[in-house]
Amino acid sequence: MSAEPTMNPVYISGVSQRIVGRGKPAPPYLKLLADAAADAVTDAGLDPHAIDGLVLSSSIPQPFACNPAELAEYLGIGPAYVAMAPYGGRPATDVIGMARSAVNAGLASNVLVLSADNFATTLGLEGAIELYMKSFDQTYERPFGPLIPTAFALMAARHLHDYGTTMEQLASLAVTIRRHGLLNPDTEVAGELTIQAVLDDVVISSPLTRSMVALISTGGAQGFVVTNRPTGNRAVAVRGYGESCGFMSLTQAPSLARFAHIRVAADLAVAQAGITLDDLDFVELYDPATIVPPDPPRGDRFLREG
């Protein structure tokens, strides 16, 4: 049953993305940010001087290499509100929540949200592996040499054990993710996958094959303009937002197959929007590995545990 929304909506009035393309050297970090900023502001139909807020998501290979006030000077804007989010997967949406909060608090009316990385160009494959190893607990995890695929592989093995999930089912998710990715004209990959091709690919951390995990990108950037009223030609309302902290260290996770914090965040978001999970017609899930989409928030109408 729907209820009254608990917060006023804000609007994503402009969006942009810059994808470098595999095998091509990425431009400098500030250049990526500037290009994404210009495209997003243009898409929102705003003059750059109308931007009075700036939220920057830090770069993974160059964390805190640039603070938002410095970026504002580089872009030639003078926002009253600036903020910075840490790097990683989730901050790609956290920054929208930060911009939304600033607008609702009256701190800004038009917030530019930016993030960029020139990952493979800056670090190379070996550097990326070394960086990600540092995200594991230095006492209880790092001495055993885990990689990011190792973490997802542990989750996959637990899911296969607890729910009887099959490798074919995990492979089918990779096929779907690739098909969706190919809808983007700027995609870094080419060619559709088949279930058999995914299963036959190189095993990088058992039971996961190479096609079951995300690529390390050469580089790219994204931008959003979050506004207190719709501008441009295709603004969409942000009616609800939620977040919840689950765990940092894998060894401290209550479960490797059930993540209660996802449901907590989902419940907060739909409550703000004045709806329930069962009112949803479409759910899009973050997919750094094919084991992640099988554990979304449950709604009696469209998903069941496992």
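Trainee: Which residue of β4 stands opposite Gly53?
Mentor: Val111 in β4 stands opposite Gly53. A word on the basis: this is a predicted model, where local features need pLDDT of at least 70, side-chain atom pairs count only at pLDDT 80 or more, and totals for chains, interfaces and linings use all residues. Residues are numbered from 1 along each chain as its sequence is written, and side-chain values use heavy atoms, with hydrogens and water left out.

Trainee: What makes β2 and β4 a pair?
Mentor: Two strands pair if DSSP finds at least two bridges between them. β2 and β4 have five, in the parallel sense, so they pair. The strands themselves are DSSP runs (E, at least two residues), and helices are runs of H or I of at least four, all numbered from the N terminus.

Trainee: How do you know that β4 also pairs with β7?
Mentor: Eight bridges join β4 to β7, and the two run antiparallel. Val113 stands opposite Phe224 in β7. Val111 has Val226 as its bridge partner in β7.

Trainee: Why is β4 called mostly covered?
Mentor: Buried means under 20% relative accessible area (exposed is over 50%, partly exposed in between; 1.4 Å probe, protein chains only). In β4 (residues 110–117), eight of eight residues are buried.

Trainee: Which residues make up the two faces of β4?
Mentor: In a regular strand the side chains alternate between the two faces of the sheet. One side of β4 holds Asn110, Leu112, Leu114 and Ala116; the other holds Val111, Val113, Ser115 and Asp117. Both faces are covered. In strand β3 (residues 81–85), Tyr81, Ala83 and Ala85 form a covered face, while Val82 and Met84 form an uncovered one.

Trainee: Why is Ala44 called buried?
Mentor: Its relative accessible area is 0%, so Ala44 counts as buried. Ala44 sits in the loop between α1 (29–43) and β2. Beyond four places in sequence, Ala44 touches Ser13, Gly14, Val225, Thr231 and Gly232. Contact means heavy atoms within 4.5 Å.

Trainee: What makes Ser211 and Asp201 a polar contact?
Mentor: Their side chains meet at 2.5 Å. The definition asks for N or O atoms within 3.5 Å; within protein, one must be able to donate a hydrogen and the other to accept it, and residues adjacent in sequence count only if both atoms are side-chain atoms. Ser211 lies in the loop between β6 (208–209) and β7 (220–227).

Trainee: Where is confidence lowest and highest among the elements of the chain?
Mentor: pLDDT is the predictor's confidence in each residue, from 0 to 100. Helix α4 (residues 119–133) is lowest, at a mean of 73, and helix α7 (residues 195–200) highest, at 96. The chain mean is 85, with 91% of residues at 70 or more. Residues 297–302 stay under 50. Where pLDDT is low, the predicted coordinates should not be read in detail.
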